[in-house]
Number of protein chains: 4
Amino acid sequence: MLRFLDSGESHGKELTAIIDGFPSNVPIDINNINKEIEYRMMGYGRGLRMGIEKDFVEIKSGVRGGKTLGSPITLSIHNLDYKNFSDVMDMEKEYDNKIIVPRPGHADLNGALKYNFNDIRNVIERASARETAIRTAVGAFCMELLKIFDVKIVNRTISIGNIFDNDEVNMQDDRVLKKIMSSNVFCYDNEKEKDMINAIDDAKQNGDTLGGCCQISAFNIPVGLGSYSFYDRRADYRIGGALMSVQGVKSIEFGEGISASKSKGSMMDDEISIKNGIYNRLTNNAGGIEGGITNGMPIVAKVYMKPIPTIKKEIQTVDLYGNKVKDRYERSDTCAVPALGVICKNVMSYELCRLFLEKFSGDCLEDIKVSYDNYLRRVKRN
Amino acid sequence: MLRFLDSGESHGKELTAIIDGFPSNVPIDINNINKEIEYRMMGYGRGLRMGIEKDFVEIKSGVRGGKTLGSPITLSIHNLDYKNFSDVMDMEKEYDNKIIVPRPGHADLNGALKYNFNDIRNVIERASARETAIRTAVGAFCMELLKIFDVKIVNRTISIGNIFDNDEVNMQDDRVLKKIMSSNVFCYDNEKEKDMINAIDDAKQNGDTLGGCCQISAFNIPVGLGSYSFYDRRADYRIGGALMSVQGVKSIEFGEGISASKSKGSMMDDEISIKNGIYNRLTNNAGGIEGGITNGMPIVAKVYMKPIPTIKKEIQTVDLYGNKVKDRYERSDTCAVPALGVICKNVMSYELCRLFLEKFSGDCLEDIKVSYDNYLRRVKRN
Amino acid sequence: MLRFLDSGESHGKELTAIIDGFPSNVPIDINNINKEIEYRMMGYGRGLRMGIEKDFVEIKSGVRGGKTLGSPITLSIHNLDYKNFSDVMDMEKEYDNKIIVPRPGHADLNGALKYNFNDIRNVIERASARETAIRTAVGAFCMELLKIFDVKIVNRTISIGNIFDNDEVNMQDDRVLKKIMSSNVFCYDNEKEKDMINAIDDAKQNGDTLGGCCQISAFNIPVGLGSYSFYDRRADYRIGGALMSVQGVKSIEFGEGISASKSKGSMMDDEISIKNGIYNRLTNNAGGIEGGITNGMPIVAKVYMKPIPTIKKEIQTVDLYGNKVKDRYERSDTCAVPALGVICKNVMSYELCRLFLEKFSGDCLEDIKVSYDNYLRRVKRN
Amino acid sequence: MLRFLDSGESHGKELTAIIDGFPSNVPIDINNINKEIEYRMMGYGRGLRMGIEKDFVEIKSGVRGGKTLGSPITLSIHNLDYKNFSDVMDMEKEYDNKIIVPRPGHADLNGALKYNFNDIRNVIERASARETAIRTAVGAFCMELLKIFDVKIVNRTISIGNIFDNDEVNMQDDRVLKKIMSSNVFCYDNEKEKDMINAIDDAKQNGDTLGGCCQISAFNIPVGLGSYSFYDRRADYRIGGALMSVQGVKSIEFGEGISASKSKGSMMDDEISIKNGIYNRLTNNAGGIEGGITNGMPIVAKVYMKPIPTIKKEIQTVDLYGNKVKDRYERSDTCAVPALGVICKNVMSYELCRLFLEKFSGDCLEDIKVSYDNYLRRVKRN
């Protein structure tokens, strides 16, 4: 049973995660994890902080001699910015300069009321999307296992504001993928990339922000992950819920979910075929999940992000003492959609790894391989 | 900590649910639960079976003298159809007439491969949306607690196929709500109702099916449910994942999630105001959740359902032995969107009740009331 | 991931359990489950009720054609006594004749205060050891899987009051086991059986009660169940906690735990040997668990039960309104130690099954067998 | 819902724990936590390492300005010994000098087989009781909350080997407690302290080891923690299981559990009385838990530890390749019973805090106080 917890404030000492239930003998290359961390920091539209932080992951337990131990894994990312905030974030001494004006669109007010704070900093330090750095690391760590079984998960920016780059491309093709990950906004089309960058520049100039949409696709997922037995075991519950939990995401779609709702059964069914004894589908409108279970086709999810709510325009708010005031402005990104794709890819990686290990349990990589190979043989037809 | 499990095959003896962690001394009126069960069975577009089953809930434990005991609650719904299936579903004797042709769009093939079945009936009996009857009962049971705290959750059909009824209406208004629940498809506008019924008739005549979209709104949810502390405690993880897990749902949206992704921060922020000492928002684009925490505004979610995949047109499939064949046809509904709204309302009810009890824990109703009242006082400003 | 919930009041309609995560294609013989239910009801020293109830289990879901479906399993045991209590236990109408005097040694007072009841019946109906009937059924169901892998779990009464029957016997020997299960108190020695029965008769005559100790031994448990990775995954946490949770149990011991605490390392170490390529131990002081993991030796646990606290002697108590009064007397057993052994055997069966399925996960029996066989081969030396 | 994970190898970089679900605004004095860490390292009978490590806890997240944030708390303890093991424990480079001889009584063999290791160091680094340092820190952190509600948990050595110091003393008395915690073995009686030290010296001289027994008592626990609703919510399941999971513990006893099993109901019942409107018991044979629920009396548990299995005498074992060999010797303590008491006190602290927060949930200390005070008022009689 794979599980994890993560912790850490945005300007605290470090972000930490502990992963339990990861099998032994899985080779780990920390460079692969840091590569994802790096992708997350790239992407046009990020604000000042990304220049300050040069995130990298440290593995503090659970790996020895290049392989996992079956023991809990500790990952940490140091906040380089902490040195500038050591008095603000001091563990013992209270900091005088309190934030009392909540920003709309954030957890600021809800969090301060819930937890009974007179300083909104206590909220924003944890509610911040900075937490996604360590969540990305967790997913990237899980990918070290999944890739042994040929799983590949990729992300692609579909839209930023009203600029769309949604022509179908073969994301399983390495050249396509390379082109996407070389783009400043992780989209495919060069012209659309320019348009997106221009849109971001425009928004920035106006003190405004932009949302958008990313597609996450996972390839070589075996048929049979998840279960219809109970709702919390469904693959769509797990993956859908996890993607929805990412900061800024307000909508999730599997396959052609929204189009399908306007269409007819006769146009959306994915007919079943077979090739070399392996069942497949002629189309993938379902996005790889039928009846809560993976069907062997690529898992395709779209995540829709609202624009970052922190804008420079003055908007109305009410402080913690009930006084109507104008919003304060906090340093912020203009557009985080490119980073979102990277984060969601890794969030999906964790959830798929969890589903994978529920099906192909085993304490060590060698046992998992036996289970996996046996299963693939079993579901093959001649 | 509220939790439940449910069980039961579609044509088995009964559907059962056990709910643990429900507080004591909550008055229960079983008629309210049966009312939701009844709503679920209504709705234009359902197939033959709804004439056979007249579902009602039996409470088998956890309630005495009209009130909950704090002990686990057992709910059951008998399958009246079981009497016609007693040999098919016999516990001991194997049934000869096996189903070997999987229908696209269902769990049929994935389930049979995963669980190693030579009879697809073993899959469809549990993967069936019949399970939503007991899930509806669980949510309706939870509503008996929530309504004491003035919570109201309502559903509305927004679209069936390409017929939309999405003008804003005040769903908190009892007359509006009554009008919706009197509609044959649970939409608001009478003309649109006719169009939807016509669309369903058309589809049925062509052996086709239709999907659609429902809106679920929850009112009087206190600020502060859920937490940004860790992703599985976020209100959007819980509610979003649970809605996504409902059979046929392929997309979820909170508030104006999809529009927001195409828009600008300056247009989507919900400005904060205060009235009678209670914080609120001037708009509700966020759908009642900011930073993973409820903000006191109505929770508004849209669920998008694909058309039921079972159509009369012959489509390609492959049987369990690897032979390409034409799809078999199984009795089915033409459109389940009206039922979906009822189900999702109750699914949200369970998740909100769980979040509510995490915040206002207490073993009995009286203690919960003290916690709740104290909290409302605490977050009020003068 | 195996899990279950159970429900039901002592004099309510039925006891119910839902088990989720049980694999498919496991043959189920309900007679085996009922045999355990029957053993639980036997045993010298039980009171009146055992004459009323003739418990048997009904499987309401999750099994078809003699095999499990991978879907949730519903077990129920009807309370035959319910017909005599239908007005007392009425779901809707409040019952006037309230119990307000708490018995020492039971949950009576704690439960009434916790849940804010003015009728202690609301407590005793669920806190009653009657719940162990359904828990026994759950464990017996799990045994249907375990026995395929040659697991055998047996129970034996070690002491009742101050009568001890603790000479070592080979409980793996079928004749020994048969002798034990034929005893009226499930002990081995015929003379001791008589002494125990006499002690029970004596106690009964004096309106008194007796406790005692049972041994539970599980054979053919593969090395490697449980993990030292985190405390809630340790085999001793799982099994020890579960045994301790059984009504009346106040102490648990693995192997020679208590003697070992008074002894020296040099006398308690179980030296490691090997036979036919399979590691074993020359002694089993550790009771089959080292470092939180099973070591392949029999798991041996002792459970110590306090005497049933309901005695006929007047003892001091205080009613729900704070008035000092004499204890009321409720129908009760004189000694439940024989039943305890049966219950604990089945409680251990569930926990071992859960540990087993965490290690040899697989959706169907066939996949589990492959995992299991592969593992046994892997840990064998030549 | 309180939960935590911990991680870290015995000679790795650090031990880490993440605690989630801890409320906000709880004042934290890290010195109190370090005091417990220090107690754990004291105690006569520890081996060489305790001279090397001078453990102290660092809080890396979740606390600011002296108070908790409601966000996850990160605790870490650096392994000072890591500097001497950096090549042995290198994350990337495999270490040549492998351990292939398993010690009896440890996880060595079971772990190596389970996780498929050719180096037993991979097992012992995590299975080591060094992990209890961070578990102690977690419990001590929780005590910062509990003590606000006057909870006090104390430990006392009852026996080491066959030297017993089990006369009843009032552990709630500060002078008694001070005397115990000043003892080199944490027992009460000065003469017995000398005897225990002599016994340890004797054992050490003979290359042998000793086990023993500790008592843990928790005072001012409100009535009503835990529930009989389902077995995993019982106070005895939670506390009993957690204590059993501590390295070296093989038996657990609540109150007079073992004596009670040999006694009669009439002698073990704790009669109920009332004083100043507060229910209590005239005796405490049940050890503070009846029916799985705390009854307001002190919780009294005894934990029995086997002797540390690592002895200097040559004993038989079998290496990882199946060859019969003599045991290797690893640096070890002679007697860890004094440390055990400190560890178990803090393990109980965590479990009680979890039970406490399930009952008196609330996001911040202020809300919890309201719940708590209301409840105490409610269960008081006039």
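Which side chain does B:Lys345 meet in a salt bridge? The partner is B:Glu36, at 3.1 Å from N to O. A salt bridge here is a side-chain nitrogen of Lys or Arg within 4 Å of a carboxyl oxygen of Asp or Glu.

This is a predicted model, in which local features need pLDDT of at least 70, side-chain atom pairs count only at pLDDT 80 or more, and totals for chains, interfaces and linings use all residues. Residues are numbered from 1 along each chain as its sequence is written, chains are lettered from A in the order in which they are written, and side-chain values use heavy atoms, with hydrogens and water left out.

**Salt bridges**

The B:Lys345 and B:Glu36 pair links distant parts of the chain, 309 residues apart. B:Lys345 sits in helix α12 (residues 337-359) of chain B, and B:Glu36 in helix α1 (residues 30-41) of chain B. Helices (H or I, at least four residues) and strands (E, at least two) are DSSP runs, numbered from the N terminus. B:Lys345 counts as buried at 7% relative accessibility. B:Glu36 is buried too, with a relative accessible area of 14%. Buried means under 20% relative accessible area, exposed over 50%, and partly exposed in between (1.4 Å probe, protein chains only).

Over all chains, the count comes to 98 salt bridges.

| Pair | N to O distance |
|---|---|
| C:Asp232 and A:Arg3 | 2.7 Å |
| A:Asp367 and C:Arg378 | 2.7 Å |
| B:Asp363 and D:Lys359 | 2.4 Å |

A:Arg3 is buried, with a relative accessible area of 18%. Salt bridges that share partners join A:Arg3, A:Asp20, C:Asp232 and C:Arg233 into one network. Both A:Asp367 and C:Arg378 are buried.

**Chain contacts**

Contact means heavy atoms within 4.5 Å. Buried area is the accessible area (1.4 Å probe) that two parts lose on being put together, summed over both.

Between chain A and chain B, the contact takes 104 residues from chain A and 103 residues from chain B. The area buried there is about 8300 Å², of which carbon and sulfur atoms give 57%. The count of salt bridges between chain A and chain B is zero.

Chain B and chain D meet through 25 residues of each. They bury about 1800 Å², with 36% from carbon and sulfur atoms. Eight salt bridges are counted between chain B and chain D.

**A buried helix**

Helix α8 (residues 235-244) of chain D has ten of its ten residues buried, so it is largely enclosed by the rest of the structure. Among them are D:Asp236, D:Tyr237 and D:Arg238.
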